[in-house]
Structure formats: structure tokens, C-alpha cells
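Please read the following points beside the sequence and the model.

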Amino acid sequence: METKTYAGISEEYAKLENSKIVLIPVPYDGTSTWQKGADKGPKAFLEASENMELYDIETDSEVYKQGVYLTEPIKVNATPEAMADAVHQETKSYIKKNKFVTVFGGEHSISIGTIRAFNEMFPSLTVLHIDAHADLRKSYDGSSCNHACAVYEASQNTNLIQVGIRSMDIKEKSVMNLDKTYFAHDMAIDDSWMDSAIDQMTDNVFITFDLDAFDPSILPSTGTPEPGGLLWYETMDFLKQVFAEKNVVGFDIVELCPNEIDKSSDFLAAKLYYKMLSYKFQNDETEDDYDNAYNDKPLTNNLSKFKEEDDY
Ligand SMILES: [Mn+2]
């Protein structure tokens, strides 16, 4: 990868020891079914980031000064299972270093690995899944690590909340928790979904953001665009509230499928990433150490922790 530091920031803010934030690029596109090209997502995202102004007006902050360490990309040219495993291990190693870990894909199957890592390290994890697609298939194309299965595991062992959904297979209904699913056609006519979704979250929240959640009018460069998606300001409004009210422990952004002609999607992805960091750290002094407060004792019984009816 040509980019040496995230967004071209100076070495002072890009060294691991000075950084609260770690960014792991995962250029993987092993299982996508329609348009290929999500493996080029991280490069396009990093190029757009280099051309972005780094002062955030809304939060009156320069979040890059918290330090952003860009890792080597995870390149596993193998099965989706091997990729999920590599992402899992890498993500976990940086959580253990007390970093705020972010991952940029690649297609959505990589999130199986990131979610696994966060679920092991943080108790009572909510996974906030923002996507056009339900991604709840137990297996697809002979693999349980296909992009169509991205949050099946999370549906079984985390508090999964799905937002923006407008495409799914009828079979996924048997897995879906309708009380914790916010469909795009309902969201379009009633904005009470934001408060309702936040009310159902536990304190520790991991966000997995599939860019096809956005409307194709503002983000066309994605593998499977679906009409009727989220617009920019409502998305920012929602994210801002989630970051303000919950302990967001990390996030990933997936499914940027760039093309040579239209760069606006790459810029949107770059801006989304930076906005999420700005919301996370807007009240932090740059000198403070980040404390991600992960659970260093092994979480026993993790698989069953959401089996019973929980009150939040
Ligand atoms: Mn999707």
C-alpha cells in the first residue's frame, strides 16, 4: 500500500505508541456474489482520506491528534474462514494493547472476525449492524463465513440490533429478532427508530457499518446497491447520539467497491470514518491515555449470555 500514514498525518501522530486509535485495512473480496472490487476499498478510502480536511467543524476538534496508527493490510488470499480467523486475531491483539480498534474492508464477511474479537473482550456486547441487507444466513455458498452470513454469529451470541434493512431472504425471518430490527421503509416515515434502537442497546456497543446502508444516490460505489437507503444527516444524527450515550468500543466499515469515474463514494467513506472518530473522542484531551476497559478475564459462558430475557 502506498499510503504510509493515515490521511497523510505526521509521524508524531501515526506511531503506535502515540496512538489511541488503530486502523486495520482488510482488502478482501473472496465471497462477494455480484460486483467484485471490495478488495480495492481500503486503498480508495485511504487516498480519499489524504485529501480530506482534518478539522471537524461540528465537534470543533482535530481527532487525528489522538493518534491513528495504520497497520499493514491483512492480506489472506484464502478461504473466508481463514480470513475471519486472521482478522479476529489481529483485532484482538490491538484491543489488548488498549487501543480503539477500527477496521476498513473489504467485504462484509471480515466482520465475523472483528465481532468475534470484540465479543470476547467486552462483556454484554451490543452489535449495531447498519446495512441494507439482513446478512443472517447460517451458511451460503458452502461457507458460514460468506458475506451473506456476516452477522449470523452475532445474532446468536450478542445483542444484535439491525438498522436500515431493506433486502433479505424469507428464510432469514426465522433468525431475525423483529423487535430489534429497523426496516428502511419504516424508518423513512417515522424517526422514532433512533431512540428506540438506542434504548435497546447495552452500554458496550460495536458498530458494523456496511456502506450499502446508504442510499445509492449518495453512495453508488458498493457491491449490491439497494434503493431507499439512509441519507447523510440522519445517519450523522443517529451516530452522534449513539456515541454520546453509549460506550462505543470499536467499529468497522465495509463494502466500498470503488470505480475509476466517481470518487464521491470514496470521500463519503473517508468522511464517515473521520466523523465516527470525531464523535468518539470529541471530549478527550489529546494528552490522556485511552482506556478501552476491555475485560481481561476470559468471558465464560459468552455464547449463552443473551439467551435469557435481559432488561436493559
Ligand atoms: Mn449489505
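1. Gly 228 is in contact with Arg 166, Ala 184, His 185, Ala 188 and Asp 215, once its neighbours within four places in sequence are left aside. Two residues are in contact if their C-beta atoms, placed from the backbone, lie within 7 Å. Gly 228 sits in the loop between E7 and helix H8 (232–245). Helices (H or I, at least four residues) and strands (E, at least two) are DSSP runs, numbered from the N terminus. Gly 228 has 15 other C-beta atoms within 10 Å and is therefore partly exposed. A residue is buried if 20 or more other C-beta atoms lie within 10 Å of its own, exposed if 12 or fewer, and partly exposed in between, with C-beta atoms placed from the backbone. From Glu 12, Gly 228 is 216 residues away in sequence and 43 Å away in space, C-alpha to C-alpha.

2. On the origin of the values: this is a predicted model, in which local features need pLDDT of at least 70 and side-chain atom pairs count only at pLDDT 80 or more, while totals for chains, interfaces and linings use all residues. Residues are numbered from 1 along each chain as its sequence is written.

3. Is Asn 204 buried or exposed? It counts as buried, because 25 C-beta neighbours lie inside 10 Å. Asn 204 belongs to strand E7 (residues 204–210). Apart from neighbours within four places in sequence, the contacts of Asn 204 include Phe 122, Pro 123, Asn 247 and Val 249. Along the chain Asn 204 and Gly 250 are 46 residues apart, and their C-alpha atoms are separated by 9.4 Å.

4. Gly 250 lies in strand E8 and, with 28 C-beta neighbours inside 10 Å, counts as buried. Not counting residues up to four places away in sequence, Gly 250 touches Phe 100, Val 101, Thr 102, Phe 118 and Phe 206.

5. The largest nonpolar core has 90 residues. A nonpolar core is a set of buried Ala, Val, Leu, Ile, Met, Phe, Trp, Tyr and Cys residues joined through C-beta atoms within 7 Å. H9 gives the most to this core, with 10 residues. Among the residues with the most contacts inside the core are Ile 253, Ala 269 and Tyr 273. Ile 253 is in contact with both Ala 269 and Tyr 273, and its contacts beyond four places in sequence also include Phe 104 and Gly 105. In soluble globular proteins, nonpolar side chains tend to be buried together.

6. How far apart are the end C-alpha atoms of helix H9 (residues 264–281)? They are 26 Å apart, which agrees with the 26 Å that its 18 residues should span at 1.5 Å a residue. The expected span of a helix is 1.5 Å times one less than its number of residues. Because 15 of the 18 residues of H9 are buried, the helix is largely enclosed by the rest of the structure.

7. Helix H2 (residues 41–50) packs against H9 at an angle of about 75°, with the axes 8 Å apart. Axes are lines fitted to C-alpha atoms, for helices over the stretch in contact, and angles run from 0 to 180 degrees between N-to-C directions. H2 is therefore roughly perpendicular to H9; angles under 35 degrees count as roughly parallel, over 145 as roughly antiparallel, 65 to 115 as roughly perpendicular and the rest as oblique. Ala 44, Phe 45, Glu 47, Ala 48 and Ser 49 of H2 meet Asp 266, Phe 267, Ala 269 and Ala 270 of H9.

8. H2 is mostly covered, with 7 of its 10 residues buried. The cover over these buried residues includes strand E1 (21–26), strand E3 (100–105) and H9.

9. Some backbone details deserve a check. A cis peptide bond, with omega about 15°, joins Gly 105 and Gly 106. Asp 135 has phi near 50°, a positive value in a residue other than glycine, and is buried, with 28 other C-beta atoms within 10 Å. Asp 141, also not a glycine, has a positive phi of about 55° and counts as partly exposed, with 13 C-beta neighbours inside 10 Å.
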